[in-house]
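Please open the structure in the viewer and keep the sequence panel in view.

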Amino acid sequence: MSPVDAVPGDEVPASRRWWARAAFAAVLCAVALPVIVAGLRGALALLAVSVTVAAVTVAALYWFLATRGLLRALSLGLAVVAPLALPVLFVRERVLWVALVSVALVLLALACARAALRRDTGMPEYPAPPVHRPFLVMNPRSGGGKVVKFDLQRKAEELGAEVALLAGPGPVDVEALARQAVERGADLLGVAGGDGTQALVAAIAAEHGLPFLVISAGTRNHFALDLGLDREDPAAGLDALRDGVELRVDLGRIGGRVFVNNASFGVYADVVQSPEYRDDKAGTALRMMPDLLARDSATRLRARIDGDTTVEGAQAVLVSNAPYATDDLAGLGRRPRLDRGVLGVVTISVAGAGQAVDLLRRTHSRGLVQRVATEVIVDAEAPEIPVGVDGEALTLPTPVRCTVEPQALRVRVPRRRPGTLVSAPTWDWGRLRDLAFRPQRSSSVSSGLR
């Protein structure tokens, strides 16, 4: 098969070819414009200054995280001021408009390239059979009281659902509630609460082959976001009981426990373990980060990815149920597909500001590893390590094994969802080049080859 993702007959739609050519044309213009206006030497000088400013900004951000007191304040100031130096310089050299137009052309090239490479329309939908005895778990404390604010209990009961409130006063065994509901004949399980509670009930639903309903009543609702649900209106998720479709979604598994979003090890997991984290997430992270980044290598992690790649000395490891779509350094963002049967893996090892700057090189940086896998084993020189599983703080014995269960969960969602994300294409300049310039075989030749 050609590197180009061809349709039958090896014919590529003409629109994709023209988008690819437009991407290359925009890149050529973005490069040529500074050279024409400022000359080759001037263009290279502007590029060198831009790269230097980016490196200084990243180093300053690292110092901001790794230090305290006056040095932290100075680092933050440098991280803010350094990027502002670029427009000042461009104005002084009278090339600000050149920089703005070049940036616009690069953004245009990226948009054209995505249009050329994209062929994925998202997760397939399946008919949702009617349900007669839905059972929903609702946490009235989750998300600052969204269950009460949006009157979710009454609205669900009007649709025929049985609702169990996690009203306390002590801890409630959510898994036991779900299992008891299944024994009573529940034909759908659902949760209005945080992602950790979602995962617990989702595991029971998958075990019994029942559809699972997600109501975005948590604080961040990452799972609901990636399903395309409206996080601003949790009650809209109940529409799935009246007019719904089903998605087949993967589940991650770690140490016998299911996760719907991710499992984090190292720096972030240590922060989540702190008692102060729930009330002050950002402040807790900033207070703890200098000590966490200053650890010696003996406390760092070892990640074995699919048995063929081993990352030694990682400070942080993130294993996600499906890869995240964004290209940021942390590997965080949205997951447009939850049905590919793979885990996303990101490991970060940063021993100083120099290695932090090196992360800008991404594919050539030893400090950053991004992979997809079906199994990840995380180990350390300790009998137990803290792990953040869907935002919940756990401590698990080493080694910790993460796997994926492909399309194990039937998720029932409303037919109309405002936040459905089309899968971002896999970035490949070689594939883009072939789309733009490789001669297309005629359908008659292709038919003869078949």
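## An antiparallel pair and its sheet

Select strand E12 (residues 343-348) together with E13: six bridges join the two strands, which run antiparallel. The model in the viewer is a predicted one. Within this pair, pick Gly344; its bridge partner in E13 is Val372.

Now extend the selection to the whole sheet. It is an open sheet of six strands, in the order E13-E12-E11-E8-E15-E16, and the pairing is antiparallel. At its edges are strand E13 (368-373) and strand E16 (392-397), each of which pairs on one side only. On average, neighbouring strands of this sheet are turned by 20 degrees against each other, direction ignored.

## Two nonpolar cores

Next, select Leu189, Phe212, Val214, Phe223, Leu227, Leu409 and Val411. These belong to the largest nonpolar core, which has 36 residues, and they touch the most other members. To see where the core is drawn from, colour the elements that give two or more residues to it; among them are strand E2 (134-138), helix H6 (174-183), strand E4 (188-192), helix H7 (195-208) and strand E17 (400-414). Which element provides the largest share of this core? Helix H7 does, with six residues.

Centre the view on Leu409 and display its surroundings. With neighbours within four places in sequence left aside, Leu409 is in contact with Ala202, Ala205, Ala206, Phe212, Phe223, Leu247, Arg248, Val249 and Leu251. A second, separate core of 24 residues can then be located by selecting some of its members, including Phe259, Leu343, Ala380 and Val387.

## A crossing of two helices

Move to helix H3 (residues 96-117) and helix H12 (residues 429-437). The two pack at an angle of about 80 degrees, and their axes are 10 Å apart. H3 is therefore roughly perpendicular to H12, as angles of 65 to 115 degrees are counted in that class. To inspect the contact, show the side chains of Ala113, Ala116 and Leu117 in H3, which meet Arg431, Leu432 and Leu435 in H12. The residues of this contact comprise five nonpolar, no polar and one charged.

Select Leu89, which is placed in helix H2 (residues 69-92). Is Leu89 buried or partly exposed? Leu89 is partly exposed, because its relative accessible area is 24% and buried means under 20%.

Then step to Val95, in the loop between H2 and H3. With a relative accessible area of 8%, Val95 is buried. Apart from neighbours within four places in sequence, Val95 is in contact with Leu46 and Phe90.

## The whole chain

Finally, clear the selection and view the entire protein chain, which has 13 helices and 17 strands. Of its 450 residues, 46% are buried. Among contacts in the chain with a separation of 6 or more, 73% are between residues 24 or more positions apart.

Conventions. Residues numbered from 1 in each chain as written. Predicted model: local features only at pLDDT ≥ 70, side-chain atom pairs only at ≥ 80, totals over all residues. Heavy atoms only, no water. Axes fitted to C-alpha atoms, helices over the stretch in contact; angles between N-to-C directions. Helix = DSSP H or I, 4+ residues; strand = E, 2+ residues; numbered from the N terminus. Parallel < 35°, antiparallel > 145°, perpendicular 65-115°, else oblique. Contact = heavy atoms within 4.5 Å. Nonpolar A, V, L, I, M, F, W, Y, C, P; charged D, E, K, R; others polar. Pairing = 2+ DSSP bridges. Core = buried A, V, L, I, M, F, W, Y, C linked by side-chain atoms within 4.5 Å. Buried < 20%, exposed > 50% of the residue type's maximum accessible area, 1.4 Å probe, protein only.
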